[in-house]
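Take a walk through the structure below. Keep the helices in view as you read.

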Amino acid sequence: MPSRTIKKAPTVRLPPKSNFEILLTRGAQVSIIFIGIVVTVFALHAGEFILTPIGLGVVIGLMLGPLASRLERFKVPPALSAAIVFLLFIVSVGIFALLISSPLSFWLQRLPQIWAQLATQLSDLKGPLETFKSMRDQLRQVTGGEGVSVSVDEGMGVETMATLAPAVIAQVLLFFASLYFFVATRYQTRTAILRVCFNRRLRWRVAHIFRDVERLVSQYLLSITVINFAEGLTVGIGLYLLGVPSAPLWGALAIVTNFVPFVGPLVMVAILFAVGLTEFDTLGASLLPVALYLGVNTIEGQFVTPLVIGRTMTLNPFVVLLALAFWIWLWGAIGGFIAIPALLVGYAIIRNVLPGVNWGVDELDRQYER
């Protein structure tokens with residue numbers, strides 16, 4: 001039989017794309033990415049009521065995950081280990097709130113008196129304030145601005161509290177549920193996401209993303225929690241030796257505010273400056289609490305934190321500032337707490353999607369290079 005010759009299909013070569021066509025293609029890709037970012041930001045902002053407690057629960061769950069994993073090494077079921085870790089967290093927060101509730105209520109009752117004392121202490125600054133006021137009046141004359149009158153409804157506070165109370169309770173319950181179920185089902189969630197991946201390489205990358213996220217966030221939060229407690233204890237003892245009343249309260253506030261870099265220390269400086277003005281007679285003595293806090297915070301920021309956390313990661317301060325500004329703008333105070341963990345999550349994703357890109361966590365890159 002005569003052998004059949006199979007003819008190959010002719011090769012069709014497309015003409016090379018012009019620079020304008022390449023520019024259009026790249027522009028379309030960038031536009032799609034930009035639209036996706038804008039839609040994501042809008043969705044995060046629109047879903048703030050629901051996403052804020054869920055995001056906070058996930059971040060705390062990432063911190064408590066290693067503790068639950070240690071319990072599970074002793075054959076403890078994940079549901080039970082999550083319950084134990086959850087109860088330990090609730091008890092710790094409850095004890096912390098109980099310790100600061102009494103002095104905090106005392107200072108809240110003293111707010112009108114503190115404001116009057118501040119007005120008296122700041123009377124020495126009357127000259128500069130009058131100069132500022134005259135400059136403001138001149139600016140208003142130039143811009144044509146007029147004074148704005150504000151009316152306050154006396155019953156507005158009670159009505160607002162009655163309206164917000166159910167929403168706050170719902171958010172707290174949603175946070176608790178998110179925290180427990182995230183810790184209890186973290187392995188099932190990871191397995192379900194890995195099963196969706198359609199090829200081996202993608203599964204490998206996603207598995208490494210999970211690993212890096214858990215390690216980075218848990219190590220950062222656990223380390224910074226220990227550091228903040230040490231700093232708060234030092235600040236509280238120092239303020240007690242200076243004779244500042246309710247020193248444990250200010251030490252506890254130093255612990256909480258230090259979770260938000262840059263912004264938290266500024267808040268503590270303002271609070272301690274106001275407390276110093278109301279408790280001491282001279283301006284120099286009033287600055288002692290602020291000087292003490294700034295000294296402890298400087299030692300923590302320049303020596304302790306780089307020594308402890310610097311072995312694992314070194315965050316770019318500019319990237320940290322941008323993350324804080326974005327998340328505080330998006331979700332307020334809770335966004336400030338979520339900002340650094342979210343930055344670490346984003347870094348872990350980008351580090352595995354785009355290998356070789358350094359986004360500010362230098363030590364982890366050196367670990368990968370080894």
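Predicted model: local features only at pLDDT ≥ 70, side-chain atom pairs only at ≥ 80, totals over all residues.

Start with the record. An unreviewed UniProt entry places the feature "transmembrane region" at residues 23–44, 50–68, 80–100, 164–183, 220–243, 249–275, 287–309 and 321–350. Two of these spans can be checked against the coordinates. Residues 50–68 are 100% helix and 0% strand. Their end C-alpha atoms are 26 Å apart. Residues 321–350 are also 100% helix and 0% strand. Here the end C-alpha atoms lie 19 Å apart.

Now go to Glu72. Glu72 sits in helix α2, which covers residues 48–72. Is Glu72 buried or exposed? Its relative accessibility is 17%, so Glu72 counts as buried; the cut-off for buried is under 20%. Leaving out residues up to four places away in sequence, Glu72 touches Pro78, Ser81, Arg186 and Tyr187.

Next comes the helix pair. Two packed helices are described by the angle between their axes and the distance between the axes. Helix α8 spans residues 200–242, and helix α12 spans residues 288–308. They pack at an angle of about 155°, with their axes 10 Å apart. Therefore α8 is roughly antiparallel to α12, as angles over 145 degrees count as roughly antiparallel. The crossing of α8 and α12 is right-handed.

Which residues in α8 and α12 meet? From α8 come Ser223, Ile227, Glu231, Thr234, Val235, Gly238, Leu239 and Leu242. They meet Leu288, Pro289, Leu292, Tyr293, Val296, Asn297, Glu300, Val304, Thr305 and Val308 in α12. By class, this contact of α8 with α12 has 11 nonpolar, five polar and two charged residues.

Methods. Residues numbered from 1 in each chain as written. Heavy atoms only, no water. Axes fitted to C-alpha atoms, helices over the stretch in contact; angles between N-to-C directions. Helix = DSSP H or I, 4+ residues; strand = E, 2+ residues; numbered from the N terminus. Parallel < 35°, antiparallel > 145°, perpendicular 65-115°, else oblique. Left-handed = near helix turned anticlockwise from the far one by under 90°. Contact = heavy atoms within 4.5 Å. Nonpolar A, V, L, I, M, F, W, Y, C, P; charged D, E, K, R; others polar. UniProt positions renumbered as here; feature names shortened; annotations may be inferred. Buried < 20%, exposed > 50% of the residue type's maximum accessible area, 1.4 Å probe, protein only.
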